[in-house]
Amino acid sequence: MHSPLPAHQTKHLPALTYPFIHSTFHLAQSSNGTSHGTALWLGAQLLSAYLAAEFKDIHSRSTTRPRAVELGSGIGLTALALASLGYDVLATDTAYVCNSVLRRNIKTNLPNLPPTCAGTVQVRELDWLVSSDMWNWSDPSSVTSPTQSNEAPKASGIKNTLRPPFDLIVSSDTLYDESLLDPFFTTLQALCTQGRDSTFSTPMKYPLILIALERRDPALISAALARAPISLVQVPTKKLKKALDRSGI
């Protein structure tokens, strides 16, 4: 099995064959300039490699299947990686990304994940500019694009839509424009608190959050980290390098 190439070397390819532990993902992508989210980025590769190294036994640690949500799923690499590790995953992105590559890639690869431990993946639009008060967790196509009052959600074969509380929140290479910073962190904060009982005196247990960012614009990334409403801790570089080496990137 060949090793995956770094994302910047594969932007011109319309399809990628991507090995991940005991699976091989077949991922369509597009780098036509319409959206950053329709092509693979290095952050997703780093995040999936880290998950493979640190979360590979997650299915054996719990009697219930853990739930994860991804902000900006792009072509679906990280969502599929999480599902192959045993998570039930809500993969979210803009309507354009969901309809152009994300839904297709999930549908193509989901049936081929390891049958003994794999979770599932649901794809829904999540617009960070929509207030969390307006979110609809029952719509199988979109959390943030409300259906008309006289129109039922489109059938999708999903009986139970994934919703908060989530055990894990992930995102990679999603902070590339200053206009996205505040909406991203507002959405992140809402996902941390929704579905959790705050009536008890004991502190609320928040989900683990993993954010992978490539410092293409160091000033922008520094500004983003400074605006984060929660404390962030950098994963040691040595641990990340070890995960990348294992993945072959």
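Which residues in H1 meet Leu77, Thr78, Ala81, Leu82 and Leu85 in H2? They are Ala44, Gln45, Leu47, Ser48, Leu51 and Ala52, where contact means heavy atoms within 4.5 Å. This is a predicted model, in which local features need pLDDT of at least 70 and side-chain atom pairs count only at pLDDT 80 or more, while totals for chains, interfaces and linings use all residues. Residues are numbered from 1 along each chain as its sequence is written, and side-chain values use heavy atoms, without hydrogens and water.

**Helix packing**
- Helix H1 (residues 42–54) and helix H2 (residues 77–85) pack at an angle of about 10°, and their axes (lines fitted to C-alpha atoms over the stretch in contact) are 9 Å apart.
- H1 and H2 are therefore roughly parallel, a term for angles under 35 degrees.
- The contact of H1 with H2 has eight nonpolar, three polar and no charged residues.

**Largest pocket**
- The volume of the largest pocket is about 890 Å³.
- Its lining has 27 residues, with Ile211, Ala212, Val233, Gln234 and Val235 nearest the centre; lining residues have an atom within 4 Å of a point on a 1 Å grid.
- Strand S7 (208–212) is one of the elements that give two or more residues to this lining, and S7 has the largest share, five residues.
- By class, the lining of the largest pocket holds 20 nonpolar, five polar and two charged residues.

**Second largest pocket**
- The second largest pocket contains about 500 Å³ of space.
- Among its 29 lining residues, Gly37, Gly72, Asp93, Thr174 and Tyr176 are closest to the centre.
- H4 gives the most to this lining, three residues.

Definitions and conventions: Axes are lines fitted to C-alpha atoms, for helices over the stretch in contact, and angles run from 0 to 180 degrees between N-to-C directions. Helices (H or I, at least four residues) and strands (E, at least two) are DSSP runs, numbered from the N terminus. Angles under 35 degrees count as roughly parallel, over 145 as roughly antiparallel, 65 to 115 as roughly perpendicular and the rest as oblique. Ala, Val, Leu, Ile, Met, Phe, Trp, Tyr, Cys and Pro count as nonpolar, Asp, Glu, Lys and Arg as charged, and the others, Gly among them, as polar. On a 1 Å grid over the protein atoms alone, a cavity is a set of points where a 1.4 Å probe fits but cannot get out, and a pocket is an open set with protein on both sides within 12 Å along at least five of seven lines; lining residues have an atom within 4 Å of a point. Grid points are joined across faces, edges and corners, and a volume is the space filled by probe spheres set on the points.
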